[in-house]
Amino acid sequence: MTVWSDLDPESARRVKEQAWRDYAEYVNPMKVRTLKSAGLDIMEARREGAAVWDVTGRRYVDCITGAGSFNTGRRNPRIVEALKQALDELDIGVFLIASKAKADLAKRLAEITPGDLKWTMFGVGGGEANDYAIKLARGFTMKTEIISAVKSYHGHTGFSLSAIGREAYQKPFLPLMPGFRKVPFNDPQAIENAITDDTAAVLLEPVQGEGGINVPDDVYLPAVRDICDRHEVLLILDEIQTGLGRTGRLWCSEHYGVVPDIMTTAKSLGGSLYPIAATVFREGLGDFLIANPFIHLSTFGGSDLGAVVALAVIDYILENDLPAHAARMGERFRAGFDTLVDRYPAILREVRQKGLMMGLQYTDDSLGPRMSYQLAQHGVMAIFTGNDTSVMRLMPSLVIQPEEVDEVLNALDLAMAGIMRQEEK
Ligand SMILES: Cc1ncc(COP(=O)(O)O)c(C=O)c1O
């Protein structure tokens with residue numbers, strides 16, 4: 001293994017160039033071209049807190065964070081230590097049988113998730129967690145239709161791919177799973193109109209991430225909950241990006257006082273160190289699983305190592321009140337964004353934000369990649385959202401400090417000034 005800190009700068013630069021060449025040759029040359037044109041030909045070496053260092057020694061504040069996978073920071077020492085200790089004794093464990101780590105995590109999730117959410121099925125990643133949520137909804141209700149939102153993102157696995165609201169990801173793979181209907185986000189009436197006698201569930205992100213950081217009206221989710229109750233349709237909330245403190249509450253649904261029937265979490269649950277995902281649901285839905293206890297299996301899902309890491313992540317988030325810190329840092333960002341909107345109206349149209357889930361809507365599509373490039377020149381790693389290139393997603397780690405917030409704001413100011421200069425030429 002290459003230990004970057006052992007290499008002199010010239011050797012590090014050579015190793016990096018070779019790795020990028022190999023990546024182009026053996027992974028995908030177009031990925032390399034796209035990343036380079038967005039200034040993201042970075043090779044992560046040291047990773048710490050809210051920052052990452054390129055192998056050449058250049059530091060970046062990480063505002064990509066695997067789309068919200070590093071809420072507790074890069075290589076958080078407490079979580080690294082928990083994993084190291086676990087490695088002395090454990091491995092993934094046999095997925096079919098119980099373990100203390102798995103049982104402890106399921107119990108902890110029941111304690112910290114909203115309302116009467118109680119039972120857990122573990123998985124590895126977010127797409128799998130949503131697949132299971134959809135399977136559970138269909139299996140429990142014995143109905144088939146799933147309503148999701150235009151511009152939504154739920155992953156690229158089977159059921160999730162069918163649920164997402166962006167055709168570009170789906171078209172080459174048609175036919176998809178049948179029974180999926182898309183309605184505009186933030187429109188409760190559209191959901192009510194789409195419900196039929198065969199509707200099993202409504203699946204939503206509380207705030208759309210890939211769709212462009214779309215924050216719904218405060219009344220939206222409570223209205224959807226009410227509609228689901230009246231029509232006896234299950235509500236699935238995908239908290240894979242929004243959860244674990246990101247929006248200023250532990251779960252985004254808490255802002256709206258809404259308890260879903262099924263909730264999914266992944267990404268930051270693994271502390272940026274070990275993949276794990278969870279589909280948590282009301283005990284009442286368990287009837288289906290009592291009849292079919294082994295209906296869904298995942299070899300690596302809820303591995304013992306992943307469970308130990310997730311328990312350490314949860315402890316860290318709660319003991320350090322990261323949701324409250326995220327809310328405070330979000331306010332600091334907001335004050336800076338307001339200045340930028342005034343200063344650069346030709347570039348920045350709108351700010352979308354819930355805590356540290358932040359999106360900058362630019363005035364045209366081409367500005368997403370151009371701003372990524374400019375920001376990288378000023379020490380910030382950031383990228384536009386998957387379903388809307390005119391929106392730059394800023395999702396730093398929740399351990400970000402005030403001076404790092406100011407660093408990002410300053411980089412945004414310099415980047416926008418750079419774009420203005422280019423426009424003037
Ligand atoms: C809201 C949401 N759901 C699901 C997923 C899929 O997660 P994974 O990539 O771990 O399958 C993502 C990933 O970005 C996501 O943002």
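Colleague: At roughly what angle do the axes of helix α13 and helix α15 cross?

Modeller: This is a predicted model. Helix α13 spans residues 322–343, and helix α15 spans residues 402–424. Their axes come within 10 Å. The crossing angle is roughly 20 degrees.

Colleague: Are α13 and α15 roughly parallel or roughly antiparallel, and why?

Modeller: Angles under 35 degrees count as roughly parallel. The axes cross at roughly 20 degrees. Therefore α13 and α15 are roughly parallel.

Colleague: Is the crossing of α13 and α15 left-handed or right-handed?

Modeller: Met 329, Arg 332, Phe 333, Gly 336 and Leu 340 form the α13 side of the contact. They meet residues of α15, including Val 405, Leu 409 and Asp 413. As for the sense in which α13 passes α15, the crossing is right-handed.

Colleague: How many nonpolar residues has the contact of α13 with α15?

Modeller: On α15, the partners include Pro 402, Leu 412 and Met 416. By class, the contact has two charged residues and one polar residue. The nonpolar count is eight.

Colleague: Which are the edge strands of the open sheet?

Modeller: The sheet has seven strands with mixed pairing. Their order is β4-β10-β9-β8-β7-β5-β6. An edge strand here pairs on one side only. The edge strands are β4 (117–123) and β6 (180–183).

Colleague: Which residue of β9 stands opposite Asp 238?

Modeller: Strand β8 covers residues 234–238, and strand β9 covers residues 262–265. They pair in the parallel sense over three bridges. Opposite Asp 238 stands Thr 264.

Technical notes: Residues are numbered from 1 along each chain as its sequence is written. This is a predicted model: local features need pLDDT of at least 70, side-chain atom pairs count only at pLDDT 80 or more; totals for chains, interfaces and linings use all residues. Axes are lines fitted to C-alpha atoms, for helices over the stretch in contact, and angles run from 0 to 180 degrees between N-to-C directions. Helices (H or I, at least four residues) and strands (E, at least two) are DSSP runs, numbered from the N terminus. Angles under 35 degrees count as roughly parallel, over 145 as roughly antiparallel, 65 to 115 as roughly perpendicular and the rest as oblique. A crossing is left-handed if the near helix is turned anticlockwise from the far one by less than a right angle, and right-handed if clockwise. Two residues are in contact if their C-beta atoms, placed from the backbone, lie within 7 Å. Ala, Val, Leu, Ile, Met, Phe, Trp, Tyr, Cys and Pro count as nonpolar, Asp, Glu, Lys and Arg as charged, and the others, Gly among them, as polar. Two strands pair if DSSP finds at least two bridges between them.
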